[in-house]
Amino acid sequence: MPLNEVTITRAIIDRFFRKLMDHLEVDVAVVGGGPAGLVASYFLAKAGKKVAIFERKLSIGGGMWGGGMMFNEIVVQKEAKPILDMFGIRTSEYKKGYYTADAIESVSTICSQAVRAGAVVFNCITVEDVVIREGRIVGLVITWSPVEMTGLHVDPLSIRAGNVIDATGHDTEVLRVIERKADVRLNTETGKLLGERSLWAEKAEKVTIDNTREICPGVYVAGMSANAAFGGPRMGPIFGGMLLSGKRAAELIINSK
Ligand SMILES: Cc1cc2nc3c(=O)[nH]c(=O)nc-3n(C[C@H](O)[C@H](O)[C@H](O)COP(=O)(O)OP(=O)(O)OC[C@H]3O[C@@H](n4cnc5c(N)ncnc54)[C@H](O)[C@@H]3O)c2cc1C
């Protein structure tokens, strides 16, 4: 049978919009498909939560593809190795307590398993605002990234979410908009974003986990976003904290009421 271009087009439009319609109301909306967001999504989906990941870029994986300075090897400490093992990602001991893994294998495997566990990725979509009701964040305002990039005068759409995870990395984009517009006090010392501090790997890797928590009603922070929100130092190109933070964010949501 000859291929029909219109059938191909119909298939894409039909399937995509069915997927989008099915995720206009979710248990958890994860903003940012970097390592923290992907790991959180995997564990949440595994626990039966309906999860949508919104990622601004065409590709997911955030800063993990490039290891450190675009050298595509990642380093994790021994505390995080069990997560890579669980995903079946091959590691190699470099020195006692330091393990390396191929960055490409790591990102593609974690993404694949998050999606197979049931998390749905919406790439090329930017979260530009939140939906708020009586002091609680109850949803996200989303737009196509090219609309944002070109500055087109186009209204966004919105989705509902039981919980949101800000896993947007250094820029804490969801929290910035909440701080600016939502009139909600953040669960930090000052009630505002504290901002990221200079590099200290040992301390940063520890505080990343402590900083992974609910920062205002309905919103959790994970990964670099957690450190930036609570004034933690950056850690340099070691990824264990990102993986452990994603797992912790998922556990906190799964175990909340
Ligand atoms: C300037 C810079 C400095 C860095 N410094 C460090 C460092 O000190 N230590 C370190 O470990 N790593 C650093 N990295 C590397 C990297 O960011 C992190 O290691 C790691 O990838 C962070 O993981 P994450 O999951 O928290 O966020 P990221 O990997 O950064 O992923 C966040 C994702 O969120 C997406 N996103 C952001 N805003 C939105 C939005 N509004 N809507 C939808 N999607 C959105 C981004 O496109 C990205 O894919 C740095 C990266 C950069 C760019």
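Biologist: Which exposed residues does the face of α6 turned away from its buried side carry?

Modeller: R180 and K181. This is a predicted model: local features need pLDDT of at least 70, side-chain atom pairs count only at pLDDT 80 or more, and totals for chains, interfaces and linings use all residues. Residues are numbered from 1 along each chain as its sequence is written. Helices (H or I, at least four residues) and strands (E, at least two) are DSSP runs, numbered from the N terminus.

Biologist: Which residues of α6 are buried?

Modeller: An α-helix has 3.6 residues a turn, so residues three or four places apart point the same way. In α6 (residues 173-182), V174, L175, I178 and A182 are buried. They sit on the same side of α6 because they cover an arc of only 95° around the axis, taken from the directions from the helix axis to the C-beta atoms. Just after α6, D183 has a positive phi of about 60°.

Biologist: In what order do the strands of the open sheet run?

Modeller: Strands of a sheet pair through backbone hydrogen bonds, either parallel or antiparallel. Here 3 strands follow the order β3-β5-β4, with antiparallel pairing. Pairing takes at least two DSSP bridges between two strands. The edge strands, β3 (73-77) and β4 (92-95), each pair on one side only. β3 and β5 (residues 98-102) share 5 bridges. Q77 stands opposite Y98 in β5.

Note on methods: A residue is buried if 20 or more other C-beta atoms lie within 10 Å of its own, exposed if 12 or fewer, and partly exposed in between; C-beta atoms are placed from the backbone.
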